[in-house]
Amino acid sequence: MGDPGEDFLIELKRIEFLAPKVNRGIQFIFVINGDLTVETNSRFYSLGENDLLLLNRNQLYQFHGTKDNCVLLLTITDAVIDRFYPEYHKRRFRCFSREVEMGRELKIDKIRKLLAEMMITYLRREESYKLEIQGNICQILLILIRNFSLEGTAFEKIDTDDQRLTQIIDYMERNYEQPITLEEMAQKTFLSTAYLSRYFKQKMGMGFSRFLMNIRLKHGLKDLLYTTDSISQIAMKNGFPNSKSFTNLFKEVYGATPHEYRETHSPEQPIESVNSYNLHDSETLMKSPEVLAKLGMILTAGDKMYVNTETRYEELMIELSHDKQETINLPDNILMVGELKELLKENVRSQVLMVKDDLGLSFIGIHHLVSGATILPDVETDERIATTSPYFNTDSALNFILKNNLSLYVRVDYQEISADEEQYFSKLTKFLKHCLQVYGEKFLNSWHFIYYEPYFTAVEAKNLHQIYLKLHRLLKQLVPDVKVGVFLPFSFHDENIPKEHEWLLGEGDRFDFIGFHANQNEVIDFTEMGDERFTFAKDYIVVKTNKVKGFLKLHQMEKPLFLVSWNTLSGNTRFTNGTFFRGALVLKNALDLANEVESLTFWVNTELHEEDKPNHRIRLEGLELFHYFNGKRPAYYSMLFANKLEGVVVATGQDFLMTQTNRGYQLVLMNCNYVNPYFSIEEAFPSKTK
C-alpha cells in the first residue's frame, strides 16, 4: 500500500520473517496484534500488542514475528522530512513506547491514533485522502521534533543521495565481521586509496577505519547484552583483531569495560537472535474487517486530551570541557531612577533595596542632576545663617545612597548644558563643593559621569568637543578621582560613528569609561509578520558589543564598557512590550555579556520610565525591573536566576549553560525562541489584516 515514489509508504502486514534491510527515511512500527522482534545493528526490541517503535534513517534492521500478528508500518521519506525540517539530517529520534519517559505517554498515544487514522484514510481513498494524510504526517513530525529529538550520529548524517557513499556503508554494514581494508574498498569503488580516505572523512566527519570500528562495536554491544558469548568470542565474531582492541574501544565509548557493562545492562529475559532463523521474507499484506475494527478501537480508546502546546522534550548531550574554564562574572548593575528626587519616594526606595539584596547593585543612575527639580530654588531670607537649604532633597537622597553603600551614575546631556551653559556649570560647581563638604571626597570618587549626545544630532563636532572638555576639566579639578566617560554612538551596520562624534577618537586619554547602546528592536521591522527576519536579532547584542570592542581597539581606546541601555526583542507597541514574556531572552543576553562589559543598566520601574517621555510610551531602549504596584517584570526574575549561578563554566551551548561548584553542578536550560512578539497576542492579528 502506498507508492514508494511518493512521500510515504503505509502498509498493514502479517510478518513472520523480514530479511536485513537499511532503512531509508524514518519508519514507524506499530503492532496491532501479536508479537514482533526487531533486531537493529545495535540492539533488540521486543514488541507486543499496541507497542510503537521508530527506526531512524540509515538504520539496519530485520524482523521476526508470530504467525498471527498484524503490524502497521509507516515509512516517511527523507524528501518530505527535509521539506518541513531542514535540521533533519543532524538529528535522530528515540521513540519506543516501552521505554518512554514520564510525561510523554500522551505523545505516544497521539502518534498511535494518527497512524490508525492514516491507515483508515488510505483504505477509504476518498477524494481528499492525500491532503488528510499529509496533515497527519505533519502532526507526527511535529510531535517527534518537539518531544523525541536527539543529536544525530554519523549514521543519520549519511547523505543517501550520494550513491557511492551509500554503497560503501552498506557493504561495511553487511560484511563488518570480515576483514575490510581501505585499499580493498578503494579497488571496489575504482578510487585511489588517498582519495577515498579524504572523501570518506569529509563526508562522515571521521576516518574510514574508525567508522568501521564503530559499526563493529555496535554489533559487539548487541552480542554482549543478548548472548552469553565470552568477550573474546564477541571480539572475533565482530571483526576485531583481538579482545584487547574490542575492550579498549568499548571502554573509550561507553566508559566501562565490556564485563562491567554486561553486568549492569543485560536484559532479564534472553532474546533469540533473528539471525538464527532462515531469513526468506515471509510477510503478507492484510485487509480484513477485523483489522479495521481494531484500528477503529484505537481511535476511540480513552478520553485523554492531547493539547498541542509549545512544550518540547529533547535529550541534551553535554560534553564537559577541561580546557580553559571561566567563572561567570556578572557586570555591575546600574539602576536608573530618573531624577534624584525619585529616591524620596518610599516605594522607589523599597524597590532599590530589593534589587540590591536580590540582584546586586552598584550604581543609582540619574539625569538632570542640577537642571531638574531636585535642587530647590534659592529663597531670599534675612537670616544671618540660612536655615533652609536648596540641597535638602538632594542630601536626603544622597544619604540613602551612602547608607546603602551605593554610588551615583550621572548622565549629562549636551542639550541639558547648552540650554544655559554658564548657569549649568555654576550650579554644578556649587553642588559638588557642597557634596565634598558634607560627604567627603571618598564618596564622590566613586561617582561616574557620562557625557551623552545621540547618534542623530544637529550639533557641530566642535561644540560637542568644547562642552565635554569644559565638563571634564571641572569634574577633575574638584574631584580628581571621579570617573568621567562618554557615550559612543556606534552604528551596527556601518561599524563606525557619525562625523559629528569623530572628535571622540582623539580624546581617549580623557575617558575613564565608554558607554553604548545595544537593542535588538533596532534591527527589526515590526510590520513584517514572518519569523525569518526575527532570527537576525538572535545574537545582535553580543555581536554589537564585540564590534564596539573591535572598533575601540582599532583606535587604541580600550576602556571599560558600560552597556547604558539595552533591550531584548519586545515589540514596538505599549501592548506587546508589556505583554510579551521574554525571561529566557534576558537571561541569555545577560550571561553572554557576563565577561564582556563592566555594567548593565536597568530602569527601576515602568512608571518612572514612562514619565521620562512626554508621550507616556514604554521606551524600547531600556529594561524595567518592576511594573506598577511593585510587580516584578521578567528582567527581574532573569537576573535573580543569573545571580544564583556559581562556579566555573564547564559546558555551554545555544540554549544551555553548565557550571561546576564544590557542591556539584548547576545546569541552566533556556528556551530562547526569537519570534515576532505579535504572535503572542491574538489581538494583534485583526489589526494587521486591515
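Buried means under 20% relative accessible area. Keep that cut-off in mind for the exercises below, which use a predicted model.

**Exercise 1. Decide whether Leu72 is buried or exposed, and describe its surroundings.**

Step 1. Locate the residue. Leu72 sits in strand β7, residues 70-76.

Step 2. Apply the cut-off. Leu72 has 0% relative accessibility, so it counts as buried.

Step 3. List the contacts, skipping neighbours within four places in sequence. Leu72 touches Ile10, Glu11, Leu12, Phe28, Ile29, Phe30, Ile32, Leu115, Met119 and Leu295.

Step 4. Take one partner and compare sequence with space. Ile10 and Leu72 are 62 residues apart in sequence. Their C-alpha atoms are 7.4 Å apart.

**Exercise 2. Classify Gln27 by burial, then find the partner of its side chain in a polar contact.**

Step 1. Gln27 belongs to strand β2, residues 26-33.

Step 2. Its relative accessibility is 5%, so Gln27 counts as buried.

Step 3. Look for the polar contact. The side chains of Gln27 and Thr75 are joined by one of 3.2 Å. The cut-off for such a pair of N or O atoms is 3.5 Å.

Step 4. Besides Thr75, Gln27 meets Leu53, Leu54, Leu55, Tyr61, Phe63 and Leu74.

**Exercise 3. Work out how helix α15 is oriented relative to helix α17, and which residues make the contact.**

Step 1. Start with the geometry. Helix α15 (residues 421-439) packs against helix α17 (residues 461-478) at about 20°, with the axes 10 Å apart.

Step 2. Compare with the cut-off: angles under 35 degrees count as roughly parallel. So α15 is roughly parallel to α17.

Step 3. Name the residues. From α15 come Glu421, Phe425, Leu428, Thr429, Leu432, Lys433 and Leu436. From α17 come Ile467, Lys470, Leu471, Leu474, Leu475 and Leu478.

Step 4. Sort them by class. The contact has nine nonpolar, one polar and three charged residues.

Definitions and conventions
Residues are numbered from 1 along each chain as its sequence is written. This is a predicted model: local features need pLDDT of at least 70, side-chain atom pairs count only at pLDDT 80 or more; totals for chains, interfaces and linings use all residues. Side-chain values use heavy atoms; hydrogens and water are left out. Axes are lines fitted to C-alpha atoms, for helices over the stretch in contact, and angles run from 0 to 180 degrees between N-to-C directions. Helices (H or I, at least four residues) and strands (E, at least two) are DSSP runs, numbered from the N terminus. Angles under 35 degrees count as roughly parallel, over 145 as roughly antiparallel, 65 to 115 as roughly perpendicular and the rest as oblique. Contact means heavy atoms within 4.5 Å. Ala, Val, Leu, Ile, Met, Phe, Trp, Tyr, Cys and Pro count as nonpolar, Asp, Glu, Lys and Arg as charged, and the others, Gly among them, as polar. Buried means under 20% relative accessible area, exposed over 50%, partly exposed in between (1.4 Å probe, protein chains only). A polar contact is a pair of N or O atoms within 3.5 Å; within protein, one must be able to donate a hydrogen and the other to accept it, and residues adjacent in sequence count only if both atoms are side-chain atoms.
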